[in-house]
Amino acid sequence: MIFDFKKYDKDFYDPKTSPSIVDVPKMTFIVIDGKGDPNSSAEYASAIEALYGISYTIKMSNKDVLEYVVPPLEGFWSVDDKSFKGGGAPIADKGKFIWSMIIRQPDFVETSVFDAARRALAKKKPGLDTSRARLDTFAEGLCAQALHLGPYDDEGATIAALEKFALEKGYEIDINETRRHHEIYLSDPRKTAPEKLKTIIRHPIKAILSKPLLPS
């Protein structure tokens, strides 16, 4: 049987459009950081190609360890603009985006496995910059999340609903330099109409009550 994170960890990959609270444990990812408009940046396009390239190289090179489905692309986002207030406000200049694009990896992927895959991909595609990719393990912690349906530019309503839900449950959004706006892409924008895109929006939260309600 082929292992699929989306089926095994449904709490993290199959939320409803109505918000919920999750406590995200430690996971391993391949990460590439960058800056710029994802719609036009060559740096962004190169990062996505490298992420998928390394991820599929690991998958194909380790079938004897585990057969699995490569998890969906994810991204942590912030804006290089001190005037930006967040809260779902539209981003006027997408060139100011700061992003960390990531793809989750199975537990067997350690530094030696990652390095071997990166070297193999660099040899196969010498023009592709794989040097920016790194292997990282971290726990996202307590978050509010919801499934957003539609274009990325229309995420404001979903974000507002997340903030309202968090407050009702005794929490507040806790976005800062280390805990950022998080998107998980369940659709391929190259093959899916904008109005049919499915994206998980996940925001870190922290308690504002002395006795916060348990995750639901």
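1. A strand here is a DSSP run of E of at least two residues, a helix a run of H or I of at least four, and both are numbered from the N terminus. With that settled, strand 4 (134–149) is the place to start on the pockets: strand 4 gives the most to the lining of the second largest pocket, six residues. Bear in mind that this is a predicted model.

2. Staying with that second largest pocket, its volume is about 210 Å³. The lining runs to 15 residues, and those nearest the centre are Phe76, Phe138, Thr178, Arg179 and Arg180. Split by class, the lining comes out as seven nonpolar, two polar and six charged residues. Besides strand 4, strand 1 and strand 3 (97–105) each put at least two residues into the lining.

3. How do the strands around that pocket pair? Strand 1 and strand 4 are antiparallel, with 11 bridges between them.

4. Rolling a probe the size of a water molecule over the atoms shows where empty space is left. How many cavities of 30 Å³ or more does the count give? The count comes to one, and the largest cavity has a volume of about 40 Å³. Helix 2 (10–13), strand 1 (20–35) and strand 6 (181–185) are the elements that give two or more residues to its lining.

5. Which residues line the largest cavity? They are Phe12, Tyr13, Met27, Phe29, Glu74, Glu140, His182, Ile184 and Arg202. By class, that lining has five nonpolar residues, one polar and three charged.

6. Five of its five residues are buried, so strand 6 is largely enclosed by the rest of the structure. His181, Glu183 and Tyr185 point one way, while His182 and Ile184 point the other way, and all are buried. As for neighbours, strand 2 (residues 73–79) runs antiparallel to strand 6, joined by four bridges. Strand 7 (residues 198–207) is also antiparallel to strand 6 and joined to it by four bridges. In strand 7, Thr199 is the bridge partner of Tyr185.

7. Helix 4 (residues 111–124) has 14 residues and reaches 20 Å from its first C-alpha to its last, close to the 20 Å expected at 1.5 Å a residue. Val113, Phe114, Ala117 and Leu121 are buried in helix 4. Why do these sit together? They cover an arc of only 95 degrees around the axis, which puts them on the same side of helix 4. Thr111, Ser112, Arg119 and Lys123, on the other side, are exposed.

8. Helix 5 (residues 156–168) can be checked in the same manner. Its 13 residues should span 18 Å at 1.5 Å a residue, and the end C-alpha atoms are 18 Å apart, which agrees. Buried in helix 5 are Thr158, Ile159, Leu162, Phe165 and Ala166. Down the axis, the buried residues fall within an arc of 125 degrees, so they line one face of the helix. The face turned away from that buried side carries Ala157, Lys164, Leu167 and Glu168, which are exposed.

9. Two sequence-versus-space checks to finish. Ser46 lies in helix 3 (residues 42–61). Is Ser46 buried or exposed? Its relative accessible area is 19%, and buried means under 20%, so Ser46 counts as buried. Ser46 and Leu128 are 82 residues apart along the chain, yet 6.9 Å separates their C-alpha atoms. Leu147, in strand 4, is buried as well, at 13% relative accessibility. Leu147 and Glu172 are 25 residues apart in sequence, and their C-alpha atoms are 19 Å apart in space.

Key: Residues numbered from 1 in each chain as written. Predicted model: local features only at pLDDT ≥ 70, side-chain atom pairs only at ≥ 80, totals over all residues. Heavy atoms only, no water. 1 Å grid on protein atoms, 1.4 Å probe; cavity = no way out; pocket = protein on both sides within 12 Å on 5 of 7 lines; lining within 4 Å. Points joined across faces, edges and corners; volume = space filled by probe spheres on them. Nonpolar A, V, L, I, M, F, W, Y, C, P; charged D, E, K, R; others polar. Pairing = 2+ DSSP bridges. Expected span 1.5 Å × (residues − 1). Buried < 20%, exposed > 50% of the residue type's maximum accessible area, 1.4 Å probe, protein only. Arc of directions from axis to C-beta.
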